[in-house]
Amino acid sequence: MAKKSIIILMAWLMVALQAWAQVASGDSVQTQVGKFADTDLQRKKVAVVLSGGGAFGAIHVGALKVIEETGIPVDMVVGTSMGSIVGALYSVGYNSSDIGEMFRTMDWAELFLDRDDASRLTLGDRDAQNTYLYERDFYVGEGIDPQPGGVIRGTNVERAFEHYLRGYTDSLNFLRDLPRQFACVATDLVTDSEADLTSGYLVKSIRSSMSIPGVFTPMHIGDMVLVDGGAKNNFAADLARRLGADIVIGVKFDLGLGTDKEYRTLMDVMERSAGSDVSRRARENEKYCDVLIKVPVRGYTSGSFTPGALNTLMERGEEAAREKLDSIKMLKVLAGADPARDYSMHTAVFTPWHDSSDSYDGKGGLIDIRKNNTIVASVGARFDTEDWAALMLNSHYYLGGKINKELDLTVRLGLRAMLRLGLDFEPWEFKKMGLSYEFWYKYSDLYTKGKRSNNVSLIYQKANVKLFSLDALNFNCEVGVGWEHYHFFKGLWNEYSTITFKPNEHYFNYHLGLRYDNEDKRYFTRRGMRAEAQLAYYTDNFAQWKGHSGFTQVMALWQMTFALTGTTHIRPQVQGRFVFGDDLPVTAGNVVGGTSYGKFFPQQLPQPGFGHAEFFDSKFVSASLRVQQRITGRHYLILDGSVAEHNSKLGDIFDRKPLWGVQLGYYYNAGIIGPLSCSLGWSSHTHRVNFLLSLGLDF
């Protein structure tokens with residue numbers, strides 16, 4: 001008996017000495033269970049394993065909500081791909097409510113692209129971003145490809161999660177330095193093996209884990225080239241066991257079984273291939289789970305990032321977890337946790353990414369997106385029932401040098417075809433000088449009081465010398481000299497026509513343009529103001545027009561958007577264009593109608609209710625009011641009303657009966673593709689209903 005007592009006493013002393021040594025070295029038992037987690041030596045370590053799956057990652061939010069309700073301690077989170085994103089957020093102290101709000105408020109289309117924050121771009125760069133749906137960088141010479149092996153660099157993913165994971169963006173040990181232990185899985189292309197990431201930079205680790213091969217550029221960490229972990233281990237329950245988890249709760253999506261008719265598209269086949277786990281790894285790893293929550297996701301795909309789909313997937317995750325509620329509660333007892341204690345954790349404060357004051361450039365100011373010795377190629381596409389299909393291609397070459405030089409080539413394909421060449425010099429930051437030339441072929445219909453009266457084909461050429469340009473945050477100013485030439489080589493007139501075009505017409509101009517714009521978005525604007533003013537003096541020999549003084553154009557625009565409610569916004573607008581002088585050419589007159597500025601003629605002003613382009617008198621002014629109502633998600637109703645006056649004499653502009661118009665449209669925010677819209681309009685000028693269907697960014 002004495003011998004047995006001595007053995008027990010020695011064992012107790014060894015345990016006590018080991019614990020003392022850990023405390024003395026600063027490596028306490030917290031190393032075993034995370035920085036701020038419970039330190040009860042007698043309690044078993046509990047891990048939650050989250051599968052990959054793109055939008056299917058929303059199921060984890062609902063499942064975590066139920067896990068939190070049970071009060072079971074979660075010491076470790078292991079995730080793959082989207083599961084790694086949810087897992088990292090949960091590990092730094094966000095709760096399921098926070099992560100759910102992130103899923104709902106995040107613009108996923110913007111997140112998964114490389115578009116810069118428009119509020120910190122110059123107006124010129126902002127215009128380009130609102131024109132092109134995709135851009136790709138190419139280094140000239142011996143530079144390294146900035147997008148090797150992927151279409152998307154993933155810069156916005158990193159920026160967003162640097163915000164959400166603030167305080168944990170340095171190099172860390174994920175098993176020691178986070179409130180909960182964390183690990184994620186990636187695939188190393190160099191060794192063609194699974195890479196288990198438990199230390200390093202947290203943002204880069206989750207960026208590696210979700211890097212879909214061929215879509216996102218791989219991450220280079222040390223000697224590893226990392227892509228999406230789903231290629232090797234999409235449900236890493238085995239990793240949780242290897243890291244010391246005693247109890248494992250697994251959450252994964254379940255596509256269910258289908259019929260042969262359900263696998264006819266590429267997306268169907270890809271989803272089924274991912275769900276059936278070709279390597280059988282995910283199914284085999286289910287055996288490591290004490291409780292497995294399989295969430296049905298039929299009816300959705302991994303790309304279903306719409307608000308409605310994400311909400312439904314979160315609800316399904318919650319429902320599936322509630323079916324396992326009793327089993328999870330039992331695990332809390334088996335873990336040796338205090339039955340009366342709530343072990344849930346909420347140490348992080350959630351603030352939406354785009355509403356934060358975080359700055360991409362670290363200064364909170366303007367972003368300079370120039371990339372010296374780089375070619376940036378961009379593409380945009382559009383369809384509408386007036387102009388049909390159009391494609392815009394741009395190549396911008398940043399030559400750099402002592403004085404920054406930029407060479408620009410733009411091509412537009414469609415009924416309105418265009419070629420533009422430009423060369424800019426930047427002696428001082430954001431201050432430019434330059435030359436440009438544009439060649440347009442335009443085929444268009446013109447209307448008179450709503451009836452088609454002219455069908456014209458023309459070549460329009462424009463050359464511009466930019467003497468000075470300031471392109472800054474929300475403000476642009478340009479002073480220059482220009483030349484314009486119209487050549488009408490084909491035209492059809494009918495009995496409604498009141499316009500006669502000369503075959504050739506050209507003039508030189510001196511111009512000044514000012515622009516201010518701090519609107520938060522070009523489409524579906526919620527706040528901000530836009531104001532423009534242009535002054536130009538036209539001649540045919542740099543001094544006179546037809547032997548006498550030249551003619552002058554003045555254009556002004558002001559609009560501001562206000563919020564009435566969280567989903568209702570109004571935008572009053574006033575605009576006008578006035579041409580002063582004698583012997584005015586037809587091509588300098590006011591062209592009004594349609595929904596786009598400068599669509600068929602450079603001076604064209606859009607007007608609600610006026611569905612087609614018409615020529616009006618030389619003095620034109622209008623006021624309009626827009627009511628924008630978000631119905632739900634990305635769906636909007638927009639009502640526009642307008643009133644306009646025109647005359648050949650400024651003093652008599654209000655003598656005529658005012659013209660008014662109204663337009664009602666349904667719009668769908670299709671993200672980077674641009675709005676999908678269907679609208680009906682009517683005006684007292686035309687007494688006709690006009691219809692327009694369009695998809696894409698306006699250019």
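User: Which residues make the nonpolar surface patch?
Analyst: Keep in mind that this is a predicted model. The patch is made by L435, V465, L467, F468, F475, V479, L512, L514, Y516 and L535, and it covers about 760 Å².

User: Which strands each supply at least two residues of that patch?
Analyst: Those would be β19 (451-472), β20 (475-493) and β21 (504-517).

User: Where does Y516 sit?
Analyst: Y516 belongs to strand β21.

User: And why does Y516 count as partly exposed?
Analyst: Because its relative accessibility is 30%, and partly exposed runs between the buried cut-off of under 20% and the exposed cut-off of over 50%.

User: New topic: Q181. Is Q181 buried or exposed?
Analyst: Q181 is buried, with a relative accessible area of 3%. Its place is in strand β6, which spans residues 181-188.

User: What lies 3.1 Å from a polar atom of the Q181 side chain?
Analyst: That is the backbone oxygen of L175.

User: Zooming out, how many helices and strands does the chain have?
Analyst: There are 14 helices and 31 strands.

User: What share of the residues is buried?
Analyst: Buried residues are 49% of the 699 in the chain.

User: Last one: what share of contacts with a separation of 6 or more joins residues 24 or more positions apart?
Analyst: Such pairs account for 64% of those contacts.

Definitions and conventions:
Residues are numbered from 1 along each chain as its sequence is written. This is a predicted model: local features need pLDDT of at least 70, side-chain atom pairs count only at pLDDT 80 or more; totals for chains, interfaces and linings use all residues. Side-chain values use heavy atoms; hydrogens and water are left out. Helices (H or I, at least four residues) and strands (E, at least two) are DSSP runs, numbered from the N terminus. Buried means under 20% relative accessible area, exposed over 50%, partly exposed in between (1.4 Å probe, protein chains only). Contact means heavy atoms within 4.5 Å. Patches are made of residues with over 30% relative accessible area and no salt bridge: like charges are joined within 9 Å, nonpolar side chains (Val, Leu, Ile, Met, Phe, Trp, Tyr) within 5 Å. Accessible areas come from the Shrake-Rupley method with a 1.4 Å probe; for residues, only the protein chains shown count as cover. A salt bridge is a side-chain nitrogen of Lys or Arg within 4 Å of a carboxyl oxygen of Asp or Glu. A polar contact is a pair of N or O atoms within 3.5 Å; within protein, one must be able to donate a hydrogen and the other to accept it, and residues adjacent in sequence count only if both atoms are side-chain atoms.
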